[in-house]
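Work through the exercises below with the sequence and the coordinates side by side. Each task is followed by a worked solution.

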Amino acid sequence: MNPRRDAVPAQSAVGTALAALTSCPACGAPAEITRRDVLESTDGPIEHVGVRCVQRHIFLMPTFLLDRVTQSQS
Ligand SMILES: [Zn+2]
């Protein structure tokens, strides 16, 4: 018995590429996510992302702030 699950690959390069773009928190220009790290906090581990925009602003911030920035763009 060897059931196959070949519908969804373990890692999707397409999904990663789409998730790596956001907008700059400072100037709103297109920005790329350069790194992802999980940092320990008093409330438990929080995922952080490094962001670098086309104006060379560089940020390291929690992913939940990144979502807020993206939603407020429109
Ligand atoms: Zn910027």
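Predicted model: local features only at pLDDT ≥ 70, side-chain atom pairs only at ≥ 80, totals over all residues.

pLDDT is the predictor's confidence in each residue, on a scale from 0 to 100.

**Exercise 1. Confidence**

Task: State the mean pLDDT of the protein chain, and find where confidence is lowest and where it is highest.

Solution. 
Step 1. Take the chain as a whole: the average pLDDT is 78, and 64% of the residues score at least 70.
Step 2. Go through the elements. Helix H1 (residues 13–19) has the lowest confidence, with a mean of 50, whereas S3 has the highest, at 94.

**Exercise 2. Elements and burial**

Task: Give the order of the elements in the protein chain, and say what share of the residues is buried.

Solution. 
Step 1. Count the elements: the protein chain has two helices and four strands.
Step 2. Read them from the N terminus, which gives α-β-β-β-β-α.
Step 3. Turn to burial. The protein chain has 74 residues, of which 5% count as buried.
Step 4. Look at contacts between residues at least 6 apart in sequence: 33% of them join residues at least 24 apart.

**Exercise 3. The sheet**

Task: Determine the strand order of the sheet and the sense of the pairing.

Solution. 
Step 1. Start with S2 and S3. Strand S2 (residues 30–39) pairs with S3 in the antiparallel sense over eight bridges.
Step 2. Inspect the connection. S2 and S3 form a hairpin with six residues between them, and Gly44 in the turn has a positive phi of about 105°.
Step 3. Move on to S3 and S4, which pair in the antiparallel sense over five bridges. Here Val49 stands opposite Met61 in S4.
Step 4. Strand S1 (21–23) and S4 are the edge strands, each pairing on one side only. From one strand to the next, the twist averages 40°.

**Exercise 4. Arg56**

Task: Locate Arg56 and decide whether Arg56 is buried or exposed.

Solution. 
Step 1. Arg56 lies in the loop between strand S3 (46–53) and strand S4 (58–62). These two strands form a hairpin with four residues between them.
Step 2. Check the backbone: phi of Arg56 is near 70°, a positive value in a residue other than glycine.
Step 3. Count neighbours. Arg56 has 8 other C-beta atoms within 10 Å. The limit for an exposed residue is 12 or fewer, so Arg56 is exposed.

**Exercise 5. Thr34**

Task: Classify the exposure of Thr34 and list its contacts beyond four places in sequence.

Solution. 
Step 1. Thr34 is placed in strand S2.
Step 2. Thr34 has 13 C-beta neighbours inside 10 Å. A buried residue needs 20 or more and an exposed one has 12 or fewer, so Thr34 counts as partly exposed.
Step 3. With neighbours within four places in sequence left aside, Thr34 is in contact with Gly50, Val51 and Arg52.
Step 4. Compare Ala20: Thr34 and Ala20 are 14 residues apart in sequence, and their C-alpha atoms are 7.5 Å apart in space.

Note on methods. Residues numbered from 1 in each chain as written. Contact = placed C-beta atoms within 7 Å. Pairing = 2+ DSSP bridges. Axes fitted to C-alpha atoms, helices over the stretch in contact; angles between N-to-C directions.
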